[in-house]
Amino acid sequence: MTVSQATRRPILAGRQTTTPNATVTVAPPASRLSLRVPAGTVAAVSKALGIELPTRPKASASANGRHALWLGPDEWLVIDESGADLAGLLGSVADFHSAVDVSHRNVGFIVSGTGAAMTINAGCPQDLSLAAFPVGAVSRTILHKIEIVLYRTGEAEFRVECWRSFADYAFTFLSAAARDGSS
Amino acid sequence: MLLIRCPYCEEERPELEFRHAGEAHIARSSEMTELSDDEFEKFFFVRQNPKGLIFERWRHIHGCGRFFNAARDTVTDKFHLTYKAGEPKPEITLMAPAEPAAWANREPSELNVDMPSKEGGR
């Protein structure tokens, strides 16, 4: 008996909305880790991941396409754009922690352009000025009716992470907001 | 929109990220089975529901996910202060007196707002 290989079908793969002021792109697949780490274990987990877990609110750390995003006092979202096996890296950490692979739970969107902040502010009530939300800032927040993780990767570029089942909604909403902001 | 200070995120965030979670500082008995029905009813159902200052639990559910406590005025919706879960209840005497709500039934002269002049314009 032959067992057919399961085929991954990334949702919305390659979709893009381009308007004069903002572009909304579906980010390529990445591996993601939902991390809960008590304060005493942060150093060991940071070492295993090769990236220092930030401990300040709204902070992030990046190295070689790997990003550690502060979500709460003991919670992080780790994204690796190269698709590395993040959970495997933590196998050697004996101290108590929780690491759940959520690579396929989330979908990422890149919102870029001079109207990027305005596009996101169409559904997100946070202050996205550079003073309040500088490059590298990250926050779990809301986008109209859904919860997102918002990560500022550049002055005019954001990464929006949402749950897969909300991906259609998020992409349609961001696309409409980008068009509205450019008309 | 209300801005609520999250003591864990250390900044004010829009109210849409938060969820109310009932009255704060209600201690659960360590010997629940020993409680009389009246005592249990008081613990489980009876709440202060005051007009004015109240201590409440709130959760930054669409942010850091943490529960914290807040001192809020039920008349004006003003948040006097927020503090981390587990911290002692602040002294009430430290609270500023409740300010009148903007919509309270007061004479315009008592309200600290600019009123349009009768000639039109401001």
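## An exposed residue in chain B

E10(B) counts as exposed, because it has 11 C-beta neighbours inside 10 Å. E10(B) is not a glycine, yet its phi is positive, at about 60°. Most residues other than glycine have a negative phi. You can find E10(B) in the loop between β1 (3–6) and β2 (11–14) of chain B.

## About the model

This is a predicted model, in which local features need pLDDT of at least 70, side-chain atom pairs count only at pLDDT 80 or more, and totals for chains, interfaces and linings use all residues. Residues are numbered from 1 along each chain as its sequence is written, while chains are lettered from A and ligands numbered from 1 in the order in which they are written.

## The layout of chain B

Chain B has one helix and six strands, arranged along the sequence as β-β-β-α-β-β-β. Helices (H or I, at least four residues) and strands (E, at least two) are DSSP runs, numbered from the N terminus. Of its 122 residues, 15% count as buried.

## A hairpin in chain B

Strands β5 (residues 67–73) and β6 (residues 79–84) of chain B pair in the antiparallel sense over five bridges; pairing requires that DSSP finds at least two bridges between two strands. N69(B) has Y83(B) in β6(B) as its bridge partner. Five residues lie between the two strands of this hairpin, and D77(B) in the turn has a positive phi of about 65°.

Key:
A residue is buried if 20 or more other C-beta atoms lie within 10 Å of its own, exposed if 12 or fewer, and partly exposed in between; C-beta atoms are placed from the backbone.
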